[in-house]
Amino acid sequence: MEESQSEKQRMMRRHSREKKELQAHIQSLKNSVPKSDKKNRKQLLLDVARLEAEMEQKHQRELEEFHESHPGSSSSSIDAVTEDLAKMDLENQPPRLSRAQKRRERKAALERERQERIAEAEMEHLASFRQDEEEKLATILGAKNLEMKDIPVDCHSMYRAIQDQLVFSVTIESLRSRTADYMRKHIDDFLPFFCNPETGDAYGREDFLCYCDDIVHSASWGSQLELRALSHILQTPIEVIQADSPAVVIGEEYTRRPLILVYLQYACNLGEHYNSVKPMEAGAAGGTPPRLF
């Protein structure tokens, strides 16, 4: 009797599994036919009804054959097994969502789609600005017989662009360290220009010294303050070319050939970025290269 009962349970579990597999197959078929395709959708519904009917008939036939081959097994016991398996399936299913929860999820899905469309539009907008900026810079540099040289996009880009144009080897860490040291030693020259970029409020000496520490110990962005310090350290002018503003020259009191940086506002998603330059033709740039003291 126990063996017969076990056999019934195995059969009922197989039936349950086959029903789930059929439902998954039906869902796949429904997903493959658009709702707008009424002709094929109608045929699909007929096929679904046929598959479900065939599955039901197959299972019913197997139940009857089992009952005939096992006279001691009553239909009531089979029904009990079926009921137990149905309960197991319900326990394994996630809880049904309320109508309010479904509405909230639909609303959240629509909001996600809206945000994705906004982000996509912003990226297209940014790409347009980026292309316009690069075209303007190419024209400005072309007049100087120069072209942009790409610098890796990170918080060190200003220092990397300076490093790229020096004829001697120097590390980014060294440039940052020497910049911070110079600014600390000449704090009165820099402090009047050290302020909150958003509000214009002046910062104090302690804030400035913390700023200098960040230059060395963090990947902080470079600004005109650091460019001014580097110009004095290298005793070389530094020219910053921009697409929509006149070029800024820092350290005009020095007579050496300037280092030329390109400032890009829309080059990357991180924000501002500096590139270096290179001659369009070999030997186009002359003059005395800067030396680090």
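**Figure 1. Overview of the predicted protein chain.** In this protein chain, 60% of the contacts with a separation of 6 or more join residues 24 or more positions apart; a contact means heavy atoms within 4.5 Å. This is a predicted model, in which local features need pLDDT of at least 70 and side-chain atom pairs count only at pLDDT 80 or more, while totals for chains, interfaces and linings use all residues. Residues are numbered from 1 along each chain as its sequence is written, and side-chain values use heavy atoms, with hydrogens and water left out. You will find nine helices and five strands here, in the order α-α-α-α-β-α-α-α-α-α-β-β-β-β along the sequence. Helices (H or I, at least four residues) and strands (E, at least two) are DSSP runs, numbered from the N terminus. Of the 293 residues, 31% are buried; buried means under 20% relative accessible area, exposed over 50%, and partly exposed in between (1.4 Å probe, protein chains only). The accessible surface comes to about 19200 Å², and carbon and sulfur atoms hold 51% of that area. Accessible areas come from the Shrake-Rupley method with a 1.4 Å probe, and for residues only the protein chains shown count as cover.

Figure 2. The structure holds six aromatic pairs. Y182 and F190 form one that is edge-to-face, with 6.2 Å from centre to centre and 90° between the planes. Both Y182 and F190 are buried. The ring centres of F194 and Y203 are 5.1 Å apart and their planes meet at 50°, so this pair is tilted. Rings of Phe, Tyr and Trp (its six-membered ring) pair if their centres lie within 6.5 Å; planes under 30 degrees apart count as stacked, over 60 as edge-to-face and the rest as tilted. F194 is buried at 7% relative accessible area, whereas Y203 is partly exposed at 31%. Ring pairs link Y182, F190, F194, Y203, F208 and Y211 into a cluster.

**Figure 3. Strand β2 and its partner β3.** In β2 (residues 238-241), I238 and V240 point one way and E239 and I241 the other, and all are buried. In a regular strand the side chains alternate between the two faces of the sheet. Strand β3 (residues 248-250) pairs with β2 in the antiparallel sense over three bridges; two strands pair if DSSP finds at least two bridges between them. A hairpin of six residues joins β2 to β3.

**Figure 4. A closer look at E239.** Which residue of β3 is the bridge partner of E239? That partner is V249. E239 is buried, with a relative accessible area of 11%. Its side chain makes a polar contact with the side chain of K144 at 3.4 Å. A polar contact is a pair of N or O atoms within 3.5 Å; within protein, one must be able to donate a hydrogen and the other to accept it, and residues adjacent in sequence count only if both atoms are side-chain atoms. Leaving out residues up to four places away in sequence, E239 also touches others, including A247, P258 and L261.

Figure 5. The largest nonpolar core has 33 residues, and I162, M183, F208, L227, I238, L261 and Y274 have the most contacts inside it. Its largest share, six residues, comes from α9. A nonpolar core is a set of buried Ala, Val, Leu, Ile, Met, Phe, Trp, Tyr and Cys residues joined through side-chain atoms within 4.5 Å. A second, separate core of nine residues includes L146, I241, A243 and V277.
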